[in-house]
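Here is a friendly walk through a structure, for a reader who likes to check things by eye. Please keep the model open while you read.

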Amino acid sequence: MQTMNVNIDQQMISKIENNTRIVTDYELACFCEILNVSEKELLHDFYESYGQ
């Protein structure tokens, strides 16, 4: 994330994992780029829950 100019540390990642911090749209796009997945793949569980 730092190489993409996103200031995010381990504590912030832990908060995201524990649903105590939101992910911004820019962070989501960066996570997808880094993990080489689409937004739809990364949000698969969300789409499954809400029938999208």
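The sections below go from the overall fold to the core, the salt bridge, the pocket and some backbone angles.

## Ground rules

This is a predicted model, in which local features need pLDDT of at least 70 and side-chain atom pairs count only at pLDDT 80 or more, while totals for chains, interfaces and linings use all residues. Residues are numbered from 1 along each chain as its sequence is written, and side-chain values use heavy atoms, with hydrogens and water left out.

## Overall fold

The protein chain holds four helices and zero strands, and its elements run α-α-α-α from the N terminus on. Helices here are DSSP runs of H or I with at least four residues, strands are runs of E with at least two, and both are numbered from the N terminus. The C-alpha trace spans about 35 × 25 × 15 Å along its principal axes.

Of the 52 residues in the chain, 15% are buried. Buried means under 20% relative accessible area, exposed means over 50%, and partly exposed lies in between, with a 1.4 Å probe and protein chains only. Contact means heavy atoms within 4.5 Å. Among contacts between residues at least 6 apart in sequence, 23% join residues at least 24 apart.

Which residues of H2 are buried? They are Glu-27, Cys-30, Phe-31 and Cys-32, and the buried residues of this helix pack against H1 and helix H3 (39–42). As background, an α-helix has 3.6 residues a turn, so residues three or four places apart point the same way.

The largest nonpolar core has six residues: Met-1, Val-6, Ile-8, Ile-16, Cys-30 and Phe-31. Such a core is a set of buried Ala, Val, Leu, Ile, Met, Phe, Trp, Tyr and Cys residues joined through side-chain atoms within 4.5 Å. In soluble globular proteins, nonpolar side chains tend to be buried together.

Cys-30 sits in helix H2 and is buried at 4% relative accessibility. Leaving aside neighbours within four places in sequence, Cys-30 is in contact with Met-1, Met-4 and Val-6. Cys-30 and Met-1 are 29 residues apart in sequence, yet their C-alpha atoms lie 7.0 Å apart in space. Ile-16 belongs to helix H1 and is buried too, with a relative accessible area of 18%. With neighbours within four places again set aside, Ile-16 touches Ile-8, Arg-21, Ile-22, Val-23 and Phe-31.

## The salt bridge

How many salt bridges does a search of the whole structure find? The search finds one, and it joins the side chains of Arg-21 and Glu-27 at 2.9 Å, N to O. The term stands for a side-chain nitrogen of Lys or Arg within 4 Å of a carboxyl oxygen of Asp or Glu.

## The largest pocket

About 250 Å³ of space lies in the largest pocket. On a 1 Å grid over the protein atoms alone, a pocket is an open set of points where a 1.4 Å probe fits, with protein on both sides within 12 Å along at least five of seven lines; lining residues have an atom within 4 Å of a point. Grid points are joined across faces, edges and corners, and the volume is the space filled by probe spheres set on the points.

The lining consists of Ile-13, Ile-16, Glu-17, Asn-19, Val-23, Leu-28, Phe-31, Leu-35, Leu-42 and Leu-43. Helix H1 (10–17) and helix H2 (25–35) each supply at least two of the lining residues. By class, the lining has eight nonpolar, one polar and one charged residues. Ala, Val, Leu, Ile, Met, Phe, Trp, Tyr, Cys and Pro count as nonpolar, Asp, Glu, Lys and Arg as charged, and the others, Gly among them, as polar.

## Positive phi angles

Most residues other than glycine have a negative phi. Asn-5, in the segment before H1, has a positive phi of about 60 degrees and is exposed, with a relative accessible area of 72%.

Asn-19 lies in the loop between H1 and H2. Its phi is positive as well, near 60 degrees, and Asn-19 is exposed at 71% relative accessible area. Asn-36, which follows H2, also has a positive phi near 60 degrees.
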